[in-house]
Structures are given as structure tokens and as C-alpha cells.
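Subject: Structure for your study

Dear colleague,

Please find below the structure that I am handing over to you.

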Amino acid sequence: MSSLTGTGHLARLILRRDRIVLPLWVLPLAVLPVSYAGSFLALFPTAAERAAYVTGTASNPSVVALLGPVYGDSVGALTAQRGGFLQVIVALAALLTVTRHTRTEEEAGRRELLGATVLGRHAGLTAALLVTYAASLVLGLLTAAGLAATGLPATGSLAYGLSVALVGTVFATVGGVAAQLAQSAGGARGIAAGVLGVAFALRLVGDTSDQGWPSWLSPLGWAARVRAYAGERWWVLALPVALTVLLAVVAYPVSVRRDLGAGVLPSRPGPARAGRGLSGPFGLAWRLHRGPLLGWSVGFFLLGSVVGGAAEAAGRSVAGNAALEQVMARLGGASGLAEAYLGVSLGVAGLAAAGYGVQVALRMRSEEAAGRAEPVLATGVHRSTWLASHLLFALAGPVLVLALAGLAAGLTYGLSIGDVPGQLPRMLGAGLAQVPAAWVLAGLAVLLSGLLPRLAPAAWAVLAVVVLLGQLGAVLELSQWLLDLSPFTHTPQVLRAGWSVTPLLVLTGLAGVLCAAGVVAFRRRDTPVG
């Protein structure tokens, strides 16, 4: 029997299981660069306006730190830079996909069950990698086709699309290596995400310093240095291809030498007796959620710092551009363009915070499906108490991360204009104003977990729709009733005078109703539900 026997069957199984999840990250990520190109075409129709934008905003160190360098002032070059952070999301989606279909399958015992059939040793890893490679390639080709359809040069569009696709293949293989090293799915995700963090840090240091060589050590840096729409460097694409092959050469021999269910890195044995912090469900929930909460907190603080540091330059760069002033006023609603930029950016942070809330809320369902909730509930722990322990983090987490983003934005923006005491509380309020909308989406995930547990992952689909409405709605001038489907549409612009607290109260009440309904439904149904 070949070591690849059954690869095709496993790949089809993965495609069937991810028939909803894969399109949810492939299609939106393919559409967003196209929307950026359309926005730049509409808002900066002349070369002079684009040059002013590059000088004032695109070349700002804070923007470069977040998005990467800009090569030229063409619409294509601006689009390639604006889509720089999307490559981080592609990398994250790719590595999570591979770890979910490798290490998570082993941890759940399904890999051993399948291995008892006619299945080669390398089939599982190969199927996961092939599906993720294909998804990344489809994403890249759709992106290239969409950008070319907007009128951008086909050569540059293809270069950008391939750079995005190869970022996905590299970090998919990173996920495959991490799955061999760690003994748990959480450990594999942590290792792969850590590699992604190092890659982003190298790219950031290289792009914002006089010494640009650190960027050449990062796959994210390679993607920018393909220089789409600015004299393409096709040879740079060979670097991620070579790294993908090298990582695969490492992953496959390791997968043969280790025992099924074990990892190369030994797991650290825990203490013989649990500490007092694990004596109840809230201590257990803290142990489960503290790592992700710390990572999200650091990320939001950095995001707020970058946004605040770039705000003043963003306001200067669009001054005099009537079309952009009108759009920014519609999106941000603040008296100044810099504050409009901050309002829009903190709104995007609110969408990300909603993603954290959904992730935590769905952790309840994953604990139940994996059979770890039932032993806890078999003790004296009441169902409502167990649910409340996770719900605490689903609701308090968005408050913490958005507060950090607002404080960081207020600090850096205040320093740039010499008004820290005045801007710090205003930006904190602007960040916290996004919380009720984020709570609504977390509450929806709680409701689905309690009422229709098999459909609980559909909360990610709802979030994806909300993100698309937020990113494209105002620019494409969609109907207001369609925009009103997003809870973030109803979030008041607190940086503008005369805002009302009523929408925040309504959204908070709606979130409370959704959470309460989810708790009641969970208490009345059987546990677990497979």
C-alpha cells in the first residue's frame, strides 16, 4: 500500500466538511482588493491626488508598519499596499485550516479511526495541504481576475494574486509542520501563529527602518517585494515556492517517525493536584481563554497605536479632495478628516472584536462536541453556571480589546497633535461605542449554540456578511435597508457632537435577549448534541 493511498478520498471529505468554511474566507478576501481598487479609482481619479495621498498617508510610518510599503502612486500600487494586511489574514486562515484537518483530527481520535482502514501514512497531511493549496490558488486567481476586470493591468493583477496565493501555501505548510511538532491542536495553532507573528514583525521592522533586509527574511515581506503594478519582480515568487517545498520536506519525515497522537515536542506534565484557580468553571474558562485573550489584546493595542499615529497624516492627505471628504464624512461623521479616519478605523476594530466574541462563544460548542463539557456538567456545576463562565469572556473580551484599541489610538493621536488629555477619553469612548454591536454577533453565536448547535458555525457566515457590508456598503452605495442588517450601521459616531445613546442601549438589549435565549435553549436540550 502506498503512503498516499486514500488521499483523494480524504480531500473530498475535507471539501465536504468545509463546503461552507472555505468559501467564507476565500470569497470575501478575493472581493476586498477589488473593492479597494474601485475606491481608489473613484476617490483619487488624478495623479496629483494619488501623489498627495502617497505623500501624506501611504508613506506614513504607521501605515507602512501595518500594510507594508507602497511602490508608486498608481491605482494598482495603492491597491497592492492596501491589501497588504489581507495577506496576514490569508496566512492565518491557511494555517488554521491545515491544523484543523491534521492535529485536531488526531486529538479527536478520528485520524486513528480512519487509519484503521486502507489509508496511507501521508494521506491525512497531504489531503489537508492539497485542499488548502487549492483554496489559496483559487483565492489568488479570483483576486487577479477581479482586479483586471476593474481596468488594472493584467500583469500586475496576476503578480499580486500569485503573491497572495503563495503566502497561503507557505503558511499552510507551516501549519503542517506545527501539527507534527505539537501534541495538541492548541499547541499546533500556537506554534504556527507564533511563526506568523515573527514573520509580521520581521516585515514591519524591515519596512520601517533604514535597513530593509529583515523584510527579506519574511514571506510577508516577499509578497510586497514582488512589486505588483510597479515593475514586477517575478523571480521573488520563487522564494515562497522554495520555502513551501522545504517545509514540506521537513513535515513528511517527521510525520512518519512520531507515534500517532504524539508530537515531536514532549508535553509538559501538569501538577498532581489542580490549583485553587481550577476549582470551579470560571477558573477553567480562564485557563481556556487566557491565551487568545492576551494575543487579541496585544494585537488591538498595536492596531490602535498604528491608527492613532497615522490619523493626522490621513487628514492632511485628503484635504481638498471633495469626493473623499464626502465619503469620509459619511463613514466617519466627525468634524475633522483625521477624526473621520479614526472613526472608520475603530469601526473596523469593532468588526474584529466581534470576531473574538464569536470565537469565544463557539468555544462552548466545541467543548461540548469534543465531550469535555459533559464531565464538568456531571459534577455539581449547573448548566447555566458553565455557560456563564464562557459567556463572561465572550462579553468582557470585546470590552477589553476595544478599550485597549481606543486608549492606544487616543495616546498616539494625542501625542501627534499635542493633546493627550483631550483625545484619550474621546478615543476610548469611540472604541467602547463599538462594543454593543460586537455583543449582538456574539449573542447570535450563543443563541445558535444553544438552539441549533449543528448550525453554530453559521455565526461566522453572519460575521462575514457584516464585514462585507461594512467594507463595501457605503462605497458601493448599497440600499439603506441592506446596510441596516449590520448592527454596526446603528453604532453612533461618538466623535461627532449630538450623538444619541439610544442605539447603544437598543443594541445592548438585543444582545441580552439573544444571550438569554441561548442560555434557556441550552438548558432545555440534551448534552452533548453531535
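Helices H18 and H23 are roughly antiparallel to each other, because their packing angle is about 150° and an angle over 145 degrees counts as roughly antiparallel. Please bear in mind that this is a predicted model.

**Two pairs of packed helices**

Two packed helices are described by the angle between their axes and the distance between the axes. For H18 (residues 383-417) and H23 (residues 502-524), the axes lie 10 Å apart. The crossing of this pair is right-handed. On the H18 side, the residues that meet H23 are Arg383, Ser384, Trp386, Leu387, Leu391 and Leu395. Their partners in H23 are Cys515, Gly518, Val519, Phe522 and Arg523. Sorted by class, this contact between H18 and H23 holds 7 nonpolar, 2 polar and 2 charged residues.

A second pair is formed by helix H2 (residues 21-43) and helix H5 (residues 75-82), whose axes are 9 Å apart and meet at an angle of about 135°. That angle makes H2 oblique to H5. H2 passes H5 in a right-handed crossing. From H2, the residues Pro33, Tyr36, Ala37, Phe40 and Leu41 take part, and they meet Val75, Leu78, Thr79 and Arg82 of H5. By class, the contact of H2 with H5 consists of 7 nonpolar, 1 polar and 1 charged residues.

**The chain as a whole**

The secondary structure of the chain comes to 23 helices and 0 strands. The chain has 530 residues, and buried residues make up 50% of them. Among the contacts with a separation of 6 or more, 76% are between residues 24 or more positions apart.

**The nonpolar cores**

In soluble globular proteins, nonpolar side chains tend to be buried together. Which residues have the most contacts inside the largest nonpolar core of this model? They are Trp25, Leu139 and Phe171, in a core of 65 residues. Helix H10 (residues 154-181) gives the largest share of this core, with 11 residues. Leaving aside neighbours within four places in sequence, Phe171 is in contact with Ala91, Leu95, Val195, Leu196, Ala199, Pro219 and Leu220. Apart from this core lies another one, of 62 residues, including Ala353, Tyr356, Val446 and Ala459.

Serine 136, in helix H9 (residues 123-149), touches Trp25, Ala165, Gly168 and Thr169, when residues up to four places away in sequence are not counted. With a relative accessible area of 1%, serine 136 is buried. Alanine 461 belongs to helix H21 (residues 458-476). The C-alpha atoms of alanine 461 and tryptophan 25 are 9.5 Å apart in space, while the two residues are 436 residues apart in sequence. Alanine 461 counts as partly exposed, because its relative accessibility is 22% and buried means under 20%.

**Two further buried residues**

Is glycine 283 buried or exposed? Glycine 283 is buried, at a relative accessible area of 16%. The place of glycine 283 is in helix H14 (residues 281-318).

Glutamate 105 lies in helix H7 (residues 103-108) and counts as buried, with 7% relative accessibility. Between the C-alpha atoms of glutamate 105 and alanine 185 there are 8.6 Å, with 80 residues separating them along the chain.

**A loop with positive phi angles**

Most residues other than glycine have a negative phi, and most peptide bonds are trans. Where in the chain does arginine 227 lie? Arginine 227 lies in the loop between helix H12 (219-225) and helix H13 (238-257). Although arginine 227 is not a glycine, its phi is positive, at about 60°. At 23% relative accessibility, arginine 227 counts as partly exposed.

Tyrosine 229 also lies in the loop between H12 and H13. The phi of tyrosine 229 is positive, at about 65°, although this residue is not a glycine. Tyrosine 229 counts as buried, with a relative accessibility of 12%.

Yours sincerely,

A colleague

How values were computed:
Residues numbered from 1 in each chain as written. Predicted model: local features only at pLDDT ≥ 70, side-chain atom pairs only at ≥ 80, totals over all residues. Heavy atoms only, no water. Axes fitted to C-alpha atoms, helices over the stretch in contact; angles between N-to-C directions. Helix = DSSP H or I, 4+ residues; strand = E, 2+ residues; numbered from the N terminus. Parallel < 35°, antiparallel > 145°, perpendicular 65-115°, else oblique. Left-handed = near helix turned anticlockwise from the far one by under 90°. Contact = heavy atoms within 4.5 Å. Nonpolar A, V, L, I, M, F, W, Y, C, P; charged D, E, K, R; others polar. Buried < 20%, exposed > 50% of the residue type's maximum accessible area, 1.4 Å probe, protein only. Core = buried A, V, L, I, M, F, W, Y, C linked by side-chain atoms within 4.5 Å.
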